[in-house]
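Please examine the sequence and the three-dimensional structure shown below. The paragraphs that follow are meant to be read beside them.

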Amino acid sequence: MTTRRDLLAGAGLAALAAQLPMAALAQAKDSVTISMTLEPPTLDPTSGAAQAIREVTLQNIFEGLVKMDRTGKIQPCLAQSWEIAPDNVTHTFKLRTGVTFHDGTPFTAEQVKFSFERAVAADSTNAQKQLFTPIAEIAAPDPATVVIKLKQPTANFIYGLSWGDAVIVAPQSAANNKTNPVGTGPFKFVRWNRGDRLEFARNDAYWGEKPALAKATFRFLSDPQAQVAALQAGDVDANTNLSAPEAVAQLKSDPKLKVTIGKTEGETVLGTNNAKAPFDKLKVRQAIAHALDRKTIALGVYGFDVTLIGSHFSPLHPAYVDLTGTYPYDPAKAKALLAEAGFPNGFSCTLKLPPPSYARRAGEIVAAMLGQVGITVSIEPLEFPQWLERVFRNKDYDLSIIAHTEPLDIDIYARDQYYFQYRNPEFKTLIAKISGTLDETARNELYKQAQQMLARDAVNGFLFILPKITVAKANLDGMWTDWPLPVTPLAELRWR
Amino acid sequence: MIGYILRRLFALVATLLMAALVIFLVLEVLPGDPAAVTLGLNASPEALAALHAEMGLDKPAPLRFLLWLGGMATGDLGESYTYRVPVAQLIGERMAVTLPLAVLAILLAVAIGMPLGVVAASRHGKAVDAGVMAFAQAGLAIPNFWFGLLLVLVFAVGLGWLPANGFPGWQAGLGVALKSLAMPALALALPQAAIIARVTRSAMLDTLQEDFVRTARAKGLSESTTMRRHALRNALIPVVTILGLQFSVLIAGAIIIENVFALPGLGRLVFQAIAQHDLIVVKDLVMLFAGLAILINFAVELLYGLIDPRLRQA
């Protein structure tokens, strides 16, 4: 029997249901809520390496002289144009005029000089200080011109200026940027509820095209299930990179959402201690390469296909060559190579794993695959600070798995002190040559040689590229599919 | 009485000092460098050295220990290595979430658990009693994070009544804030309610056997008055003891629930701080939890006196 109360409740619900879509639409027009996994520790991209800082601030709050677009190409930003003199070291930047910082300070050449000098200063805590070390001197002949002279030709200097570490800050606000960032970007800082959310508002005085959205909120959901629930409940409009790959199929079947799987610059490698026996033997490293079935590893980690790699290079870069066929999966050959190297019965070693779930999951599978060719692997899980200390700094390890997320970072193999301990003079010469080659075609040719050298030497077990799993409401346009640089430019988002 | 309080205070300070020494030493031998965590894989040695100096990590360990103790004594808890803001500010922000959450959970647990326990005791051996005991078993057996996920599925994903997670902050309005605390508080309260129901029931059963209850009934008091004024009041001591214990558990132990619901509380802060090697925050929070546990125990002892006048004289 239906009582009066039931009827009333039903009527109330119906009325509510009729109001809801309208309210949702009205709200959706000019604001967006985006969830991400990690919270930025501070909001100053010039004083910390955390990717989350760049994800929220770069191209939103802060801008550099140049910026990277979604295809990985360098575009003018605070610099309208630039030219490199025939001496190959003098860079002249023509700056945009009429630009102001969020606090009203006009943007001029002086701030460019200040920002870069601050980055190379003795007390600088810039996480990518090496970007700026080639600078010999900076001059600001007039407010709209900056002339930067380098110590030697450095091919990737301009490229590096698109990174978060090279944004332009103003002298009077630089010290407070960690908690109250002041930049020139299309959005300005409003509020930060630490541990939960960060709120930005449109910068109405922005020099470029005015953003479609008036308000943006970043929410920090470290728990993968919490990310999925917030998307399903409609609490958030998008997630920059979902950390629950197992939920992808479920979210894909939801017509209110769209899911894309893109690429990043995160080369995931089985890091190998090249200076330690038996990994100093090429045949042992080749055996490991033959023992790894990359496709199965990646599928085991994600449950869907991701891009596999055969060297330390991202397919997002034009110089990429597919080297996954260098040492194809072949356990029998792996065993034979081990026997040739003097280990007919295999050997034992440890695999030290940092916390990210891709590393822990891939680690289990890699250990099993190496076990099949006779290499007994014991897994040792580590917290990130311990990993940094023991593996990265002290090189106290045999094998490890981690993704190297810095763009275009193949030069790390040329550093003697780097934890792979590769130390190949030939490779170092090649990297030095790349740095000095300003012609793009010639440089890309050298990059190809470098990739091939690393693949041939089986320096590390090259596994896969970290995917970017973007989930957004079906009517939200403009989220980046790939991450040539981990940013989420809010000015490119709009509702349909 | 004064001697008793002084002895308690001395023990309190001694316990805190011991806790401080232990936590400092443990974190000192733990490998890992907060500056390296901040600056990542490409950091140059000079940048690391500069950040060490900025964080005060270049000083010798005994001096850092003394500076830390002195700072705490004067109310300066230091600056977080990760967030680069004063730790006191961080704790204050997080306390504004965790404390209301714990209070809400305790209130819910009492509101659910106590009546159930009383009803079960008064209908001892009947179907109601069995029902309450079954609820208590289930409440204890179901992990609270799983119950929390279930609540999210029903009330956020399914019905859309409540936000799935997060906390918009008190400045968003009392109603909005309480709405985001409702599900986590309920998830936290369920096992507590189960414990309270069981403890109340058994304490009530014990007191109902007492002579004074028979006397109260014999002199013609109604059953409800007998229950309320004579049985329940006497049964409260074990319940309050449990409440005191559970409250400290709730404050320090909401880590999992705060993660499931992405709440910016103390539990999540300590979890994050450990993962990011924000040692100064870890040290301060452990001290805070130790201090809180001691204070709550002290408060529980004072409460005994309020409930049982005989203990006031002792």
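The account takes each chain in turn, then the contact between them, and then selected residues.

This is a predicted model, in which local features need pLDDT of at least 70 and side-chain atom pairs count only at pLDDT 80 or more, while totals for chains, interfaces and linings use all residues. Residues are numbered from 1 along each chain as its sequence is written, chains are lettered from A and ligands numbered from 1 in the order in which they are written, and side-chain values use heavy atoms, with hydrogens and water left out.

Chain A contains 13 helices and 18 strands; helices (H or I, at least four residues) and strands (E, at least two) are DSSP runs, numbered from the N terminus. Along the principal axes, the C-alpha atoms of chain A fill a box of roughly 80 × 80 × 35 Å.

Of the 496 residues in chain A, 56% are buried, where buried means under 20% relative accessible area, exposed over 50%, and partly exposed in between (1.4 Å probe, protein chains only). Chain A exposes about 19,400 Å², and carbon and sulfur atoms supply 54% of this area; accessible areas come from the Shrake-Rupley method with a 1.4 Å probe, and for residues only the protein chains shown count as cover. Among contacts in chain A between residues at least 6 apart in sequence, 68% join residues at least 24 apart, a contact being heavy atoms within 4.5 Å. Chain A carries 52 positive and 51 negative side chains, and the centres of the two sets lie 2 Å apart. Lys and Arg count as positive and Asp and Glu as negative, with His and the chain ends not counted; each charge is placed at NZ of Lys, CZ of Arg, CG of Asp or CD of Glu.

Chain B has 14 helices and 0 strands. The C-alpha trace of chain B spans about 85 × 60 × 35 Å along its principal axes, and 46% of its 314 residues count as buried. The accessible surface of chain B comes to about 14,800 Å², with 71% belonging to carbon and sulfur atoms. In chain B, 71% of the contacts between residues at least 6 apart in sequence join residues at least 24 apart. The mean positions of its 21 positive and 18 negative charges are 16 Å apart.

Leu41(B), Asn42(B) and Tyr83(B) supply 21% of the area that chain B buries against chain A, more than any other three residues.

Gln232(A) lies in helix H5 (residues 224-232) of chain A and is buried, at 18% relative accessibility. Not counting residues up to four places away in sequence, Gln232(A) touches Gln250(A), Leu251(A) and Val157(B). Thr33(A), in strand E1 (residues 31-36), counts as buried because its relative accessible area is 17%. Beyond its neighbours within four places in sequence, Thr33(A) is in contact with residues including Thr217(A), Arg219(A) and Asp235(A).

Most residues other than glycine have a negative phi, and most peptide bonds are trans. The peptide bond from Ala277(A) to Pro278(A) is cis, with omega near 0°, and Pro278(A) lies in the loop between strand E12 (257-272) and helix H7 (282-291). Gln59(A) has a positive phi, near 70°; this residue sits in the loop between helix H2 (51-57) and strand E2 (66-68) and is buried at 9% relative accessibility. Phi of Arg423(A) is also positive, near 50°. Arg423(A) belongs to the loop between strand E15 (399-404) and helix H12 (425-436) and is partly exposed at 41% relative accessibility.

Technical notes:
Buried area is the accessible area (1.4 Å probe) that two parts lose on being put together, summed over both.
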